[in-house]
Amino acid sequence: METNARYALIALFSLLLAGGALLFALWLGKASLDSSYNDYEVVFHEAVTGLSIGSPVQFNGIKVGDVQRLRLNPKDSSQVLVRIRLEANTPVRENTEAKLTLAGITGTSFIQLSGGAAGSPELRSGPGNKLPRIIAEQSSMSRLMNNGKDLFGNISDLLSNANRLFSADNIERISQTLNNLQLATGAVAEQRDDLRKTIAQLAQLS
């Protein structure tokens with residue numbers, strides 16, 4: 001019995017040692033992985049339709065990371081906060097710009113980063129923010145939709161003005177004006193011979 005108990009203790013100790021070594025290796029791998037990436041927060045002032053966890057993040061057309069989390073700003077529901085993880089060597093600076101870009105015709109979207117001149121300081125987290133923040137600019141699709149709304153509004157105003165212009169009262173006034181113009185033209189035509197004679201007499205008199 002003592003021999004079996006000793007073997008059981010040795011086996012248990014070996015299992016604990018192996019488990020500890022495995023956990024240490026996993027922790028070390030995670031620490032190494034975390035040190036090779038940097039997290040940022042992109043602030044959008046528009047809907048992020050088509051963007052989801054795992055969506056790619058590109059810098060000048062090259063994939064440098066992906067989306068980790070999406071949430072509404074609890075202090076301002078018009079803002080969407082998107083947490084992204086980028087490769088540590090990605091040159092994110094204070095003048096780096098971000099925008100939502102549509103990926104073809106699939107309906108999915110991704111985040112496009114650009115800019116970041118070498119003379120600009122490296123982007124760091126500000127007061128009250130856990131992560132460095134990038135304020136996204138308005139996307140091309142959003143600008144197109146806004147311009148489309150303005151265009152449809154202008155067309156609607158134009159049609160409304162046209163309807164008022166061609167109202168029944170205005171059409172009647174225009175018809176009367178045309179009739180009067182026609183009568184005046186006819187009167188002038190009838191007096192054409194008299195006008196010719198008068199001009200000839202004035203010429204003789206002069």
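Trainee: Is strand β6 mostly covered or open, and how many of its residues are buried?
Mentor: Strand β6, residues 109-115, is mostly covered, with 5 of its 7 residues buried. Buried means under 20% relative accessible area, exposed means over 50%, and partly exposed is in between, using a 1.4 Å probe and protein chains only. Strands here are DSSP runs of E with at least two residues, helices are runs of H or I with at least four, and both are numbered from the N terminus.

Trainee: What kind of model is this, and how are residues numbered?
Mentor: It is a predicted model, in which local features need pLDDT of at least 70 and side-chain atom pairs count only at pLDDT 80 or more, while totals for chains, interfaces and linings use all residues. Residues are numbered from 1 along each chain as its sequence is written, and side-chain values use heavy atoms, with hydrogens and water left out.

Trainee: Back to β6. Which residue of the strand can you place for me, and is it buried or exposed?
Mentor: Take Ser-109, which lies in strand β6. Ser-109 counts as buried because its relative accessible area is 6%.

Trainee: What does the side chain of Ser-109 reach?
Mentor: The backbone oxygen of Thr-49, at 2.9 Å.

Trainee: Which strands pair with β6, and in what sense?
Mentor: Strand β2, residues 56-59, pairs with β6 in the parallel sense over 3 bridges. Strand β5, residues 96-102, pairs with β6 in the antiparallel sense over 7 bridges. Pairing requires that DSSP finds at least two bridges between two strands.

Trainee: What holds such strands together?
Mentor: Strands of a sheet pair through backbone hydrogen bonds, either parallel or antiparallel.

Trainee: What about the turn between β5 and β6? Which residue there has a positive phi?
Mentor: Gly-104, with a phi near 65°, in a hairpin that has 6 residues between the strands.

Trainee: What is the strand order in the sheet?
Mentor: The order is β5-β6-β2-β3-β4-β1-β7, an open sheet of 7 strands with mixed pairing. The edge strands are β5 and β7, the latter being residues 133-135, and each pairs on one side only. Neighbouring strands are turned by 30° against each other on average, direction ignored. Those axes are lines fitted to C-alpha atoms, for helices over the stretch in contact, and the angles run from 0 to 180 degrees between N-to-C directions.

Trainee: And the chain as a whole, how many helices and strands?
Mentor: There are 4 helices and 7 strands, and along the sequence they follow the pattern α-β-β-β-β-β-β-β-α-α-α. Of the 206 residues, 21% are buried.

Trainee: New topic. How many salt bridges are there?
Mentor: The structure holds 5, where a salt bridge is a side-chain nitrogen of Lys or Arg within 4 Å of a carboxyl oxygen of Asp or Glu. One of them joins Asp-39 and Arg-83 at 2.9 Å, N to O. That pair links distant parts of the chain, with Asp-39 in strand β1 (residues 37-44) and Arg-83 in strand β4 (residues 76-87), 44 residues apart.

Trainee: Which other salt bridge does Asp-39 form?
Mentor: One with Arg-85, also at 2.9 Å, N to O. Arg-85 is in strand β4, 46 residues away from Asp-39 in β1.

Trainee: What about Arg-124 and Glu-122?
Mentor: They form a salt bridge, with the closest N and O atoms 3.7 Å apart. Arg-124 is exposed at 62%, and Glu-122 is partly exposed at 42%.

Methods. A polar contact is a pair of N or O atoms within 3.5 Å; within protein, one must be able to donate a hydrogen and the other to accept it, and residues adjacent in sequence count only if both atoms are side-chain atoms.
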